[in-house]
Amino acid sequence: MHRGKKVAVIFPTYNEKDSIRESILEYFSTGLVDEVIVVNNNAAAGTSEEVAGTGAREIFERRQGYGSALLCGLDNTDADLIIFSEPDGTFSGLDVPKLLAYSDDVPVVLGTRTSRQFIWRGANMGLFLRWGNWAVAKMTELLFNTTILTDMGCTHRLLSREAAQLLRPHLTIRGSHFGPQILMELLAHQVPFVEIPLNYRARVGESSVTGSFWKAWKLGWRMIFLVWEYRLGLVVRERTLWPDYLSTKPVPEPAHEGSGVYALARAVQEQPAPAPKTLTPQ
Ligand SMILES: Nc1nc2c(ncn2[C@@H]2O[C@H](COP(=O)(O)OP(=O)(O)O)[C@@H](O)[C@H]2O)c(=O)[nH]1
Ligand SMILES: [Mg+2]
């Protein structure tokens with residue numbers, strides 16, 4: 001719960017049997033997450049057994065694909081704040097307060113995995129992926145005159161219910177370049193958003209999307225074509241625009257006792273700093 005708003009985390013799962021349990025528990029441990037929805041996308045045998053007993057709700061999407069799974073999660077939650085993540089150990093539940101804090105200002109908070117100090121040892125974010133993501137993001141920033149963009153493929157992000165509902169009829173991509181379509185539709189609907197650095201850790205098990213150079217190369221080009229399709233106006237649809245942001249910018253209520261992030265901040269203040277050995281950026 002954050003400022004009286006229900007918070008849900010959506011985990012698409014395909015091949016994360018060995019990390020999914022710990023991922024779910026890490027997100028719940030923040031005390032800020034009301035619901036974890038696992039979207040089983042024909043996942044590895046044994047996944048459901050790992051999810052059982054964690055408190056997460058498991059649903060099933062038969063149509064294969066990263067986009068299919070995330071859309072299924074979106075269609076099956078009534079939360080006010082919806083966080084996309086992955087249960088492969090790469091993203092940290094401890095970043096939830098950061099996403100929530102920015103959600104007070106903007107309806108959509110995107111993560112970036114390319115900030116050097118947030119890339120953990122062993123993370124799949126070598127030179128090619130890091131600078132490739134950065135370059136396509138910068139191209140997009142320039143073409144659409146957006147706020148700072150430094151990553152195209154970060155799953156970890158937050159959408160308010162209002163923004164998700166506005167975009168949903170326009171989200172059609174069921175494969176791995178679903179993430180950039182959200183960005184394109186945000187721009188097309190003029191939904192305010194911001195990008196913030198989030199931790200990116202080593203993956204448990206094999207990556208099936210960006211694990212090989214050629215898969216990542218192909219995905220990169222699909223993203224570039226998608227951005228140009230939108231830029232050239234080839235995706236023409238009727239859209240309801242977000243109300244003028246600066247005249248309707250929400251002014252958050254002052255912090256109160258039960259408010260999630262503030263309660264967490266107080267609790268953190270009272271705890272000793274974590275042991276430095278847990279911090280091993282690249
Ligand atoms: N490869 C693949 N991943 C899927 C599929 N459906 C959902 N996913 C999820 O997409 C996310 C990204 O996949 P992953 O292998 O971690 O790729 P990476 O994040 O680029 O390293 C994971 O959470 C998967 O569970 C699918 O059909 N194929
Ligand atoms: Mg992953």
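Guide: Strand 1 (residues 7–13) and strand 4 run parallel and are joined by 4 bridges. Strands here are DSSP runs of E with at least two residues, helices are runs of H or I with at least four, and both are numbered from the N terminus; two strands pair if DSSP finds at least two bridges between them. Within this pairing, Val-9 stands opposite Ile-83 of strand 4.

The model is predicted: local features need pLDDT of at least 70, side-chain atom pairs count only at pLDDT 80 or more, and totals for chains, interfaces and linings use all residues. Residues are numbered from 1 along each chain as its sequence is written, while chains are lettered from A and ligands numbered from 1 in the order in which they are written.

Strand 4 (residues 81–84) also pairs with strand 6 (residues 157–160), in the antiparallel sense and over 4 bridges. Here Ile-82 has Leu-159 of strand 6 opposite. Strand 6 in turn pairs with strand 5 (residues 108–112), again antiparallel, over 3 bridges, and Val-109 has Leu-158 of strand 6 as its bridge partner.

These pairings belong to an open sheet of 7 strands, in the order 3-2-1-4-6-5-7 and with mixed pairing. Its edges are strand 3 (57–60) and strand 7 (193–197), each of which pairs on one side only. From one strand to the next, the twist averages 25 degrees. Helix 3 packs on this sheet and touches strand 1, strand 2 (35–40), strand 3 and strand 4. The direction of helix 3 makes about 150 degrees with that of strand 1, where angles run from 0 to 180 degrees between N-to-C directions and axes are lines fitted to C-alpha atoms, for helices over the stretch in contact.

A nonpolar core is a set of buried Ala, Val, Leu, Ile, Met, Phe, Trp, Tyr and Cys residues joined through C-beta atoms within 7 Å. A residue is buried if 20 or more other C-beta atoms lie within 10 Å of its own, exposed if 12 or fewer, and partly exposed in between, with C-beta atoms placed from the backbone. The largest such core has 65 residues, of which Ile-10, Val-36, Ile-82, Ile-83 and Val-108 touch the most other members. Helix 3 (residues 66–74) gives this core its largest share, 6 residues. Apart from neighbours within four places in sequence, Ile-83 is in contact (C-beta atoms, placed from the backbone, within 7 Å) with Val-7, Ala-8, Val-9, Ile-10, Val-96, Leu-99 and Leu-158.

Asn-42, in the loop between strand 2 and helix 2 (47–51), has a positive phi of about 55 degrees although it is not a glycine. Asn-42 counts as partly exposed because 14 other C-beta atoms lie within 10 Å. Gln-190 lies in the loop between helix 7 (178–188) and strand 7; its phi is near 55 degrees, a positive value in a residue other than glycine. Gln-190 has 13 C-beta neighbours inside 10 Å and is therefore partly exposed.

Notes:
Contact = placed C-beta atoms within 7 Å.
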